[in-house]
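Try each task before you read its solution.

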Amino acid sequence: MNVSIINGPNLNLLGKREPNIYGSLTFEEYLKSLKKEFKNITFDYYQSNIEGKIIDRIQEVGFSSDYILLNAAAYTHTSIGIGDAIKSVDSPVIEIHISNTFSREDFRHKSYITPVAKGLIIGFGIDSYRLGVLSLLKKN
Ligand code: DQA
């Protein structure tokens with residue numbers, strides 16, 4: 001199975017950015033632990049602070065990846081374009097958030113991703129990504 005992880009704006013600063021909310025690990029460190037735990041999965045990782053580049057990446061991997069784990073960060077709450085990109089590709093998208101956006105400011109309660117995502121994992125710290133991967137392994 002191959003899984004594409006896409007992170008949006010400011011997630012390149014994980015480890016430094018508001019560690020009380022987002023934790024103290026960098027994503028690169030965390031990704032190493034995911035690769036170690038899920039040896040049968042091939043992961044590719046992309047991060048951008050730029051909305052159009054996230055859309056380009058969804059189009060690039062969205063016809064070949066088995067799944068996309070997407071944390072669109074602040075664009076979650078604003079981007080019709082990212083929502084449309086998800087609708088345009090074949091790969092199912094799992095929406096991921098580190099923090100529980102519903103326990104935060106009102107502007108974080110709206111998501112343009114949730115209506116077009118296969119599922120949503122939210123609020124479990126950086127392990128939201130791991131729970132996202134586990135959800136893909138479950139056979140229904
Ligand atoms: C986030 C939540 C967003 O509201 C915020 O803009 C982020 C990160 C999360 O993972 O908790 O940058 O997507």
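Predicted model: local features only at pLDDT ≥ 70, side-chain atom pairs only at ≥ 80, totals over all residues.

**Exercise 1. At what angle do helix 2 and helix 5 pack, and how far apart are their axes?**

Residues are numbered from 1 along each chain as its sequence is written, and side-chain values use heavy atoms, with hydrogens and water left out.

*Step 1.* Find helix 2 at residues 27-37 and helix 5 at residues 127-137. Helices (H or I, at least four residues) and strands (E, at least two) are DSSP runs, numbered from the N terminus.

*Step 2.* The two helices pack at about 30 degrees, with axes 10 Å apart. Axes are lines fitted to C-alpha atoms, for helices over the stretch in contact, and angles run from 0 to 180 degrees between N-to-C directions.

*Step 3.* Helix 2 is therefore roughly parallel to helix 5, a term for angles under 35 degrees.

**Exercise 2. Which residues of helix 2 and helix 5 meet?**

*Step 1.* From helix 2, pick out Phe27, Tyr30, Leu34 and Glu37; their partners in helix 5 are Asp127, Tyr129 and Arg130.

*Step 2.* Sorted by class, this contact holds 4 nonpolar, no polar and 3 charged residues. Here Ala, Val, Leu, Ile, Met, Phe, Trp, Tyr, Cys and Pro count as nonpolar, Asp, Glu, Lys and Arg as charged, and the others, Gly among them, as polar.

**Exercise 3. Is Val133 buried or exposed?**

*Step 1.* Locate Val133 in helix 5.

*Step 2.* Its relative accessibility is 0%, so Val133 counts as buried (buried is under 20% relative accessible area, exposed over 50%, partly exposed in between, with a 1.4 Å probe and protein chains only).

*Step 3.* Beyond its neighbours within four places in sequence, Val133 is in contact (heavy atoms within 4.5 Å) with Phe38, Ile41, Phe43 and Leu69.

*Step 4.* Now look at Val3: it lies 130 residues from Val133 in sequence, yet their C-alpha atoms are 8.3 Å apart.

**Exercise 4. What is the phi of Asn10, and what is that of Ala73?**

*Step 1.* Most residues other than glycine have a negative phi.

*Step 2.* Asn10 has a positive phi of about 75 degrees. Asn10 sits in the loop between strand 1 and helix 1 and is partly exposed, at 36% relative accessibility.

*Step 3.* Ala73 also has a positive phi, near 50 degrees. Ala73 belongs to the loop between strand 3 and helix 4 and is buried at 12%.

Methods: Parallel < 35°, antiparallel > 145°, perpendicular 65-115°, else oblique.
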